[in-house]
Amino acid sequence: MANPQYQKATFLLSASQLSQLPADMGIEIAFVGRSNAGKSSVLNQLTQNKKLARVSKTPGRTQHINIFVLDAKRRLVDLPGYGYAKVSAEVKAAWQKTLEQYLRERKCLKGLILVMDIRHPLTEFDRHMLEWATDSGLTVHVLLNKSDKLKFGAMKKTELEVNAYIRELPNTVTCQVFSALKGDGTQALRELLDAWYKL
Ligand SMILES: Nc1nc2c(ncn2[C@@H]2O[C@H](COP(=O)(O)OP(=O)(O)O)[C@@H](O)[C@H]2O)c(=O)[nH]1
Ligand SMILES: [Mg+2]
């Protein structure tokens, strides 16, 4: 099967429960990260569609699992952003549970793209996510997003530090810098996704 055409991604549905998801077949690649790290912006840059994933200036708006279809067998998934949301502890706990359940139970989940703000990498939650994912044998690619916010030296320093951290983990974790604003790193991300999506 040919590589997916990311610009052809279309919104399928927004699920608050796993039962609302499409059949657990084909391949899904899920995007996860602290709210405001730029997850929606990364998806928009990847698909060259500014309207695809609503870019919110209000942290914590994405409380659902949003599914985007690339073709009959391949989907992109925008997972609920974690942290910071100005919602009740109850609502937070409910969507944390859905997120965990998705990560644990979804058989078609091929890998995770973990989006971090390069200025605040490896938050406690990021570390938990990496630990949990590697323990579960799930492949993770870290995007150090908003690289345009740092000067070259600071960017490289962070990249080295994050790579040093990752080197201690199982080799199912990789990392790259990215700028959803400028598009830097888009080609590398596409090539990685192409490899994951190979049927
Ligand atoms: N400078 C810069 N800003 C970004 C970048 N990616 C996202 N943003 C901004 O960060 C904020 C949060 O982005 P959003 O995509 O909604 O984050 P999400 O909550 O993780 O989905 C918005 O104001 C975006 O414009 C980037 O690469 N560079
Ligand atoms: Mg978002």
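**A tour from the cores to the ligand**

Select the largest nonpolar core first: 33 residues, with Ile65, Leu79, Tyr102, Leu112, Leu114, Leu130 and Val142 making the most contacts inside it. A nonpolar core here is a set of buried Ala, Val, Leu, Ile, Met, Phe, Trp, Tyr and Cys residues joined through side-chain atoms within 4.5 Å. Buried means under 20% relative accessible area (1.4 Å probe, protein chains only). This is a predicted model: local features need pLDDT of at least 70, side-chain atom pairs count only at pLDDT 80 or more, and totals for chains, interfaces and linings use all residues. Residues are numbered from 1 along each chain as its sequence is written, chains are lettered from A and ligands numbered from 1 in the order written, and side-chain values use heavy atoms, without hydrogens or water.

Now colour by element. Those giving two or more residues to this core include strand 2 (27-33), strand 3 (65-71), helix 2 (89-105) and helix 3 (124-135). Strand 5 gives the most, with four residues. Helices (H or I, at least four residues) and strands (E, at least two) are DSSP runs, numbered from the N terminus.

Click Leu112. Leaving out residues up to four places away in sequence, Leu112 touches Ala30, Val32, Leu79, Leu103, Met129, Ala133, Leu138, Thr139, Val140, His141 and Trp196. Contact means heavy atoms within 4.5 Å. Another core lies apart, with 24 residues, among them Val42, Leu143, Leu192 and Trp196.

Next, go to Asp117 in strand 5. Asp117 is buried, at 7% relative accessible area. Its side chain makes a 2.9 Å polar contact with the side chain of Arg119. A polar contact is a pair of N or O atoms within 3.5 Å; within protein, one must be able to donate a hydrogen and the other to accept it, and residues adjacent in sequence count only if both atoms are side-chain atoms. Asp117 also touches Ala37, Asn145 and Lys146, not counting residues up to four places away in sequence.

Finish at ligand 1. Of the 18 residues around it, Asn36, Lys39, Ser41, Asp148 and Ala180 come nearest; a residue counts if one of its heavy atoms lies within 4 Å.

- Lys39: a backbone N or O atom, 2.7 Å from a ligand 1 oxygen.
- Lys146: a side-chain N or O atom, 3.0 Å from a ligand 1 oxygen.
- Asp148: a polar side-chain atom, 2.7 Å from a ligand 1 nitrogen.

Taken alone, ligand 1 exposes 580 Å², and the protein buries 86% of that (Shrake-Rupley method, 1.4 Å probe). Helix 1 (residues 39-47) supplies the largest share of the shell, three residues.

How values were computed. Buried means under 20% relative accessible area, exposed over 50%, partly exposed in between (1.4 Å probe, protein chains only).
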